[in-house]
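Here are my notes on the model you sent over, as numbered points. Have it open while you read.

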Amino acid sequence: MVANTPPSSAINPTPQSAAEEADIAALAKGGRTNVFGFILRLLARIPFLFIAGQMYGAAAVGRFAYAILIVEFVAQLATLGLRRGLANELARSDRDHTHVVWDGLAVSAMVSFIGASVLIAFPYIMFPNSEINDLDRFLPLIIVVISTMEIALAALAYRYDIKSTVRSRAIVEPWTISIAAGALWYYSPRDGLILAYVLSMVAAMVAAFVPLFQSYGWPHQWKPRVRSLLTLMRDNAPLAAADAIEWGSRRVDLAILGLFVSPAVVGLYYMAQQIASLPQKLKSSFEPILGPVITRNLAEKNYAGIARQVAQVGFWIIAAQIGVGLALGIPSKAIMGVIGAEFVGGTLALWFLLGAEAAAAPAVVSEAALIYMARHRNLMLSLAMIGTQAGVTFVALYFAKDAGWEPEWLAAIPAAVLMVTLGMASIAKRFLLMHLLGHPIRVLRWPLLWATAGAASLGYFANMLPDWAELLFGLPAILGVYLYIIWTKGFGPDDRALFKKQK
């Protein structure tokens, strides 16, 4: 017998019910909206990377990257897991949903102020290798803005409002930071990137709270309940830790690298990380809508339906990530060269980081169910993963630097370790979820291999072109061949629901 064994009626897969078909349609609609947002975010992110690389340079980018790393880590902790856990709180609460949402906002703001106070008192945590001015010290105040914005968007996602997330995170935030970074360079080449980041977060928060008030209304007669807030913090502690670990797995590599190399090399790695993180946004495209669907099916004990939904979304994500990864990875030298000649050394790191994003896809969709079914075991797996990643990265960098490796090879080490550890975590979490559900979860299909081979073959010839031609013609051709093979050979009726507008 397995833990949380499903009832006998759920052991054998059954044909999809009308409710399950509606779930797939909802997942497709939410994912489709967010994939469109991903494209918008990509278009807006390119100017920022170009401005940061060409105008500010690697050293300024490295200083900016390390400070934002610390600030966003504290903000991630301050959300207390409510970015995904709020759906469960709303589903099981008989209180006014507006009051539940404001409980979450209140407790997050409280923790954010505590974290911000610590960083304001000890600003060298954010700027370990550079001088600090008065503006630098107050950067942590933005933590309150980031954490409450995430909870507001989670509340909107519970009501299947994904457009607000797209508007806030894929349009307002990236375009604000791109425009502000270009303008603020004339004010301060040293601090312009950080100031642009602050402006973008404030603008994104406004874009999140306006629809929040429209959807939930004002919190009339709401009063913070200390006991309720403490209970909320306690119940979401495992989920908060899992979220922080998942987030940290994408940042601990940069943090450890900063201990061994100069800010310029940190900037080089950060740029590679920013390009590689573009496919990562595809995973988050389905997270807001997958949580409410899973919680409802868990309440109905529809384990077969959960297995099908996780497998379906998992295939969508990994298919999209491999395609984007190939399109960005094959012409990676040309892409890094466009940002700035000094960033070409990050090409090898970019390859490994793109591979890491594809390896992480099964873990993301499995965790969407595990956080409700086995949150403590999921947390233990995440702790094991990030502990292994941090330990191996530190030891490998120590010996590689002692051996006199070149900076570009040093920068590739954390990315390679990340790819391996995320792949191991994906395998472990998928098997745990299959054990709990009593059903197989198949996210890999043979057409993925065929499409990858076709795109890679074309990419071999694209690499022979000049850089400008490789980007202008080769990149879209690689992606086009991949998508054609996946569409004709890999997508069935349920897969194509992602591209159909439902009535």
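Predicted model: local features only at pLDDT ≥ 70, side-chain atom pairs only at ≥ 80, totals over all residues.

1. Overall make-up. The chain is helical, with 20 helices and zero strands. Of its 503 residues, 56% are buried. Among contacts with a separation of 6 or more, 85% come from residues 24 or more positions apart. The accessible surface comes to about 21,300 Å², and carbon and sulfur atoms supply 68% of that.

2. The cores. The largest nonpolar core holds 102 residues, and Phe48, Leu139 and Leu212 have the most contacts inside it. Helix 1 (residues 18-78) provides the largest share of this core, 19 residues. Apart from it there is another core, of 44 residues, including Ile294, Ala319, Val365 and Tyr372.

3. Around Phe48. What does Phe48 touch once its neighbours within four places in sequence are left aside? The contacts are Phe64, Ile177, Ser178, Ala181, Leu193 and Tyr270.

4. Arg169 and its two partners. The whole structure has seven salt bridges. In one of them, the side chain of Arg169 meets that of Glu150 at 2.5 Å, N to O. This pair links distant parts of the chain: Arg169 sits in helix 6 (residues 163-184) and Glu150 in helix 5 (residues 142-158), 19 residues apart. Arg169 also forms a salt bridge with Glu173, again with the closest N and O atoms 2.5 Å apart. Arg169 and Glu173 are separated by about one helical turn, because they are four residues apart in helix 6. As for burial, Arg169 and Glu150 are both buried, and Glu173 is buried too.

5. Other salt bridges. Lys429 pairs with Glu367, their closest N and O atoms being 2.6 Å apart. Here, too, distant parts of the chain are linked, with Lys429 in helix 17 (residues 407-437) and Glu367 in helix 15 (residues 347-373), 62 residues apart. Lys429 and Glu367 are both buried.

6. Thr347. This residue is found in helix 15. Buried or exposed, then, for Thr347? Its relative accessible area is 10%, so Thr347 is buried. Beyond the neighbours within four places in sequence, Thr347 is in contact with Ser332, Lys333 and Met336.

7. Aromatic pairs within helix 7. The structure holds 14 aromatic pairs. Take Phe209 and Phe213: their ring centres are 6.2 Å apart and the planes make an angle of 50°, so the pair is tilted. Both residues lie in helix 7 (residues 192-216), four residues apart, about one turn of the helix.

8. The link spans distant parts of the chain: Phe260 is in the loop between helix 10 (252-257) and helix 11 (263-284), and Phe394 is in helix 16 (residues 375-402), 134 residues apart.

9. A surface patch. Which residues form a nonpolar patch on the surface? They are Met110, Ile114, Val118, Phe122 and Ile125, with about 470 Å² of accessible area together. Val118 lies in helix 3 (residues 97-121), and its 42% relative accessibility makes it partly exposed.

Key
Residues numbered from 1 in each chain as written. Heavy atoms only, no water. Core = buried A, V, L, I, M, F, W, Y, C linked by side-chain atoms within 4.5 Å. Buried < 20%, exposed > 50% of the residue type's maximum accessible area, 1.4 Å probe, protein only. Helix = DSSP H or I, 4+ residues; strand = E, 2+ residues; numbered from the N terminus. Contact = heavy atoms within 4.5 Å. Patch = residues over 30% accessible without salt bridge, like charges linked within 9 Å, V, L, I, M, F, W, Y side chains within 5 Å. Areas by Shrake-Rupley, 256 points an atom, 1.4 Å probe, with all protein chains shown as cover. Salt bridge = Lys/Arg side-chain N within 4 Å of Asp/Glu carboxyl O. Phe/Tyr/Trp six-rings, centres within 6.5 Å; stacked < 30°, edge-to-face > 60°.
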